[in-house]
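Visitor: I'm new to reading protein structures. Could you walk me through this one?

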Amino acid sequence: MSPIKVLVVDDSVVFRELLVQNLSRDPSIQVVGTAKDPFEARDAILKCHPDVMTLDIELPRMSGIEFLRKLMPQYPMPVVVISSLSDKVFDALNAGAVDFVAKPAVVNRAQLEDFIKNELLVKIKIASTAKISNIKKTVASAESQQLTTSQKNLIVAIGASTGGTEAIFSVVKDYGVDIPGIVIVQHMPQGFTQMYAKRLDNECRVHVKEAQTGDRVMPGHVLIAPGGDKHMHLVKVGDSYQVEIKPGPKVNGHCPSVDVLFESVARVAKGNAVGIILTGMGGDGAKGLLAMRKAGARTIGQDESTCVVYGMPKVAYDIGAVQYQEKLTDIAKRTYAVLNKM
């Protein structure tokens with residue numbers, strides 16, 4: 001199998017060289033070029049034809065986001081953004097980047113090398129499998145749906161990873177304030193989930209926030225699991241659902257984990273739930289979605305044709321966890337359809 005050809009774009013000579021040295025140690029990676037700004041990057045792309053580009057957001061002469069907006073329509077390619085803690089990363093994802101990693105703050109060389117090996121390398125390998133044609137497709141909102149069921153204590157649980165920030169927005173923007181309470185795990189570093197929740201809250205009809213222990217799951221409200229070292233669990237207190245955010249080991253390599261959330265929904269909500277699994281690499285969420293289906297919940301999986309990475313939904317489908325397989329643009333409509341039969 002041919003190595004993944006990588007172009008490294010960063011204005012720091014020291015950081016650029018560290019990236020090249022450490023990425024090159026992996027036999028599946030071939031660093032074919034470097035650039036300090038978008039103009040050098042453009043020339044390197046035309047010369048080296050990389051499979052994946054790593055891109056810093058803050059660059060001289062042109063920002064990484066502006067570069068992405070100019071690049072993707074003409075030369076679509078998988079891009080992994082390296083970002084400090086800033087909501088600009090969501091502008092980069094909106095402009096067509098596949099994924100991002102959080103640039104370490106003040107660290108020593110050993111920590112930086114660990115970051116490259118255990119975070120950036122993983123993202124590059126995932127990005128190399130991404131369907132670029134499915135990134136940031138402009139789609140019309142679904143027809144306005146309405147909840148007609150009188151059933152109480154319903155809940156919607158969503159899990160996603162690579163490509164999930166835009167996929168979740170595509171689904172949630174089509175929900176009205178009548179939608180049952182929603183709980184979400186999107187694989188994301190600590191700090192970024194709060195900014196992501198605020199973005200969704202500004203752009204959707206439903207209210208969105210980063211979850212905290214004790215938050216109630218209420219109609220028209222969305223709770224997003226905080227990134228970091230804690231899992232989100234659904235619990236029942238009296239007649240209502242709440243969430244608990246508590247520390248735990250990584251599950252399927254992730255914390256928070258979709259499986260942990262889905263399994264708690266299966267235990268607590270049983271048949272009063274809808275589970276949705278969206279684009280992402282690996283299998284996190286598949287077993288939990290199966291547990292939900294076995295408990296009586298309705299389950300929906302994003303189809304291959306609209307996934308950036310058809311990993312998590314594929315594993316879920318293959319083990320029989322997915323009851324309805326839908327295009328991304330049809331998931332909100334299907335959610336309402338199954339809720340109205342409950």
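Guide: Happy to; what follows is a chat in questions and answers about this predicted model.

Visitor: Let's begin with the whole thing. How many helices and strands are there in the protein?

Guide: Both kinds of element turn up here. The count for the protein is eleven helices and 14 strands.

Visitor: And how compact is the protein for its length?

Guide: Start with the box that its C-alpha atoms fill, roughly 60 × 40 × 40 Å along the principal axes. Next, take the globule rule, which gives 20 Å for 342 residues. The radius of gyration is close to that, so the protein is as compact as a globular protein of that length, with a value of 20 Å.

Visitor: What share of the residues in the protein is buried?

Guide: A residue counts as buried when its relative accessible area is under 20%. The accessible surface of the protein comes to about 14700 Å², and carbon and sulfur atoms hold 50% of that. Out of 342 residues, the buried share is 54%.

Visitor: Which residues touch the most other members of the largest nonpolar core?

Guide: That core has 88 residues, and helix α5 (residues 109–127) gives the largest share of it, eight residues. Apart from it lies another core, of 30 residues, with Ala 157 and Leu 290 among them. Back in the largest core, the residues touching the most other members are Leu 23, Ile 158 and Tyr 175.

Visitor: Leu 23, then. Which residues is Leu 23 in contact with, leaving aside neighbours within four places in sequence?

Guide: Heavy atoms within 4.5 Å make a contact. For Leu 23, the list is Val 6, Val 8, Ile 29, Val 31, Ile 116, Leu 120, Leu 121 and Ile 124.

Visitor: Is Lys 117 buried or exposed?

Guide: Lys 117 lies in helix α5. Its C-alpha atom is 37 Å from that of Gln 323, which is 206 residues away along the chain. The cut-off for exposed is over 50%, and Lys 117 has a relative accessible area of 58%, so Lys 117 is exposed.

Visitor: How many residues of helix α6 are buried?

Guide: Helix α6 covers residues 164–172 and is mostly covered. Its buried residues include Glu 166, Ile 168 and Phe 169.

Visitor: Where is Ala 157, and is Ala 157 buried or exposed?

Guide: Ala 157 has its place in strand β6 (residues 155–160). Beyond four places in sequence, Ala 157 touches Val 183, Phe 262, Val 265, Val 274, Gly 275, Ile 276 and Met 292. With a relative accessible area of 1%, which is under the 20% cut-off, Ala 157 is therefore buried.

Visitor: How many disulfides are there?

Guide: A disulfide is a covalent bond between the sulfur atoms of two cysteines. For the rule used here, the two sulfur atoms must be within 2.5 Å. Cys 307 is in no disulfide, as the nearest cysteine sulfur, that of Cys 204, is 19 Å away. The count of disulfides comes to zero.

Visitor: Which residue's side chain has a polar contact with that of Asp 303?

Guide: Asp 303 is found in the loop between β13 (298–302) and α10 (312–318), and at 12% relative accessibility Asp 303 counts as buried. Leaving aside neighbours within four places, its contacts are Tyr 310, Gln 325, Glu 326, Lys 327 and Leu 328. The polar contact is 2.7 Å and joins Asp 303 to Ser 305.

Technical notes: Residues numbered from 1 in each chain as written. Predicted model: local features only at pLDDT ≥ 70, side-chain atom pairs only at ≥ 80, totals over all residues. Heavy atoms only, no water. Helix = DSSP H or I, 4+ residues; strand = E, 2+ residues; numbered from the N terminus. Buried < 20%, exposed > 50% of the residue type's maximum accessible area, 1.4 Å probe, protein only. Polar contact = N/O pair within 3.5 Å; in protein donor to acceptor, adjacent residues only side chain to side chain. Core = buried A, V, L, I, M, F, W, Y, C linked by side-chain atoms within 4.5 Å. Rg over C-alpha atoms; globule rule 2.2 N^0.38 Å. Areas by Shrake-Rupley, 256 points an atom, 1.4 Å probe, with all protein chains shown as cover.
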